[in-house]
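Colleague: I am new to reading models of this kind, and I would like to know where the words come from. Could we go through some of them one by one?

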Amino acid sequence: MATLLLRLAAPLQSWGQDSKFETRKTNREPTKSGIIGLLAASLGIRREEPDRLKMLQSLRCGVRVDREGVLLVDFHAVHKEGKAAKDNASYITYRHYLADAVFLVGLESGDEALLHKLQNALRHPEFPLFLGRRSCPPTLPLCLGIRNQSLEMALTQETPLASHSRYARLVLEAAPEDPKSFPRRDQPLSFSQRHRQYGFRAVCEKIIEMPTDIQKTEHDPFAGWGDQ
């Protein structure tokens, strides 16, 4: 097994799972549907091509939360005009975001050729990429490369991506029979705007100790002063 690692970081992210009507919520970490949507956009897969999603649905997904971020709630005033004056209406919609969050995402597959294809597509995407919502473009680097490790090992051993505490939260795709797993409805079946479809998958969550080999900068801010 090999694992493709992604760094998902931006001023704002939004990973909705059960959002409806005027309130658009976000999960605490990226959903699999959002991650698959990111991959589909990089490959040039359109919303009305659900058959092309099948090769992505088999990817085993995991997320390490390097920085939880802060919940931000924005609101928009929407005005709807009808044919008659009585049909005019205004209402408020609420959109939830994660501000300054940083996530390490792993995608595990036994098909290493697929991982190389995804790596190339993420570095040369067909469509614009965003983190859950069009107003949330990612910062670089996005694709960190392929590790010849299992999903859990890659996420556990990768160098931290942000200032952090000693421990981090890890969310992994699990076997349904795992007694510690719980269901989550974010397995994308179709992104069609007419009829979006999502299936269930099993995930488990745990706390891990972060690696201590943090990469340090060689920059010395006082080097230019000399021996003064």
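Modeller: Start with the word "buried": a residue is called buried when its relative accessible area is under 20%, and exposed when that area is over 50%, with partly exposed in between. The model here is a predicted one.

Colleague: Why is Phe103 called buried?

Modeller: The relative accessible area of Phe103 is 0%, and the cut-off is under 20%. Phe103 therefore counts as buried. Phe103 belongs to strand β7. Its C-alpha atom is 10.0 Å from that of Leu170, a residue 67 positions away in sequence.

Colleague: What makes Ser181 buried?

Modeller: Ser181 has a relative accessibility of 18%. The limit is under 20%, so Ser181 counts as buried. Ser181 sits in the loop between β9 and β10 (182-190).

Colleague: Which residues does Ser181 touch, not counting those up to four places away in sequence?

Modeller: They are Ala174, Ala175, Pro176, Ala202, Val203 and Cys204. Each has heavy atoms within 4.5 Å of Ser181, as a contact requires. As for Arg201, 20 residues along the chain from Ser181, the two C-alpha atoms are 9.5 Å apart.

Colleague: Why is Asp100 called partly exposed?

Modeller: Asp100 has a relative accessibility of 49%. Exposed would need over 50%, and buried under 20%. The value falls in between, so Asp100 counts as partly exposed. Asp100 is in the loop between β6 and β7, and its phi is positive, near 60 degrees. Most residues other than glycine have a negative phi.

Colleague: How do you know that the peptide bond between Leu140 and Pro141 is cis?

Modeller: Its omega is about 0 degrees, and the bond is cis. Pro141 is found in the loop between α3 and β8. Most peptide bonds are trans.

Colleague: How many cavities of 30 Å³ or more does a search of the whole structure find?

Modeller: The search finds one. The space in the largest cavity is about 50 Å³.

Colleague: What makes a residue part of the lining of the largest cavity?

Modeller: A lining residue has an atom within 4 Å of a cavity point. Among those that line the largest cavity are Glu29, Cys61, Gly62, Arg184 and Arg201. The lining holds six nonpolar, one polar and four charged residues. Gly62 is in the lining, and Gly counts as polar. β4 (60-67), β9 (167-173) and β11 (197-209) each give the lining at least two residues.

Colleague: What share of the residues of the chain counts as buried?

Modeller: Of the 228 residues, 44% count as buried. The accessible surface of the chain is about 13,500 Å², and carbon and sulfur atoms hold 52% of that. The chain has four helices and 11 strands.

Key
Residues are numbered from 1 along each chain as its sequence is written. This is a predicted model: local features need pLDDT of at least 70, side-chain atom pairs count only at pLDDT 80 or more; totals for chains, interfaces and linings use all residues. Side-chain values use heavy atoms; hydrogens and water are left out. On a 1 Å grid over the protein atoms alone, a cavity is a set of points where a 1.4 Å probe fits but cannot get out, and a pocket is an open set with protein on both sides within 12 Å along at least five of seven lines; lining residues have an atom within 4 Å of a point. Grid points are joined across faces, edges and corners, and a volume is the space filled by probe spheres set on the points. Buried means under 20% relative accessible area, exposed over 50%, partly exposed in between (1.4 Å probe, protein chains only). Accessible areas come from the Shrake-Rupley method with a 1.4 Å probe; for residues, only the protein chains shown count as cover.
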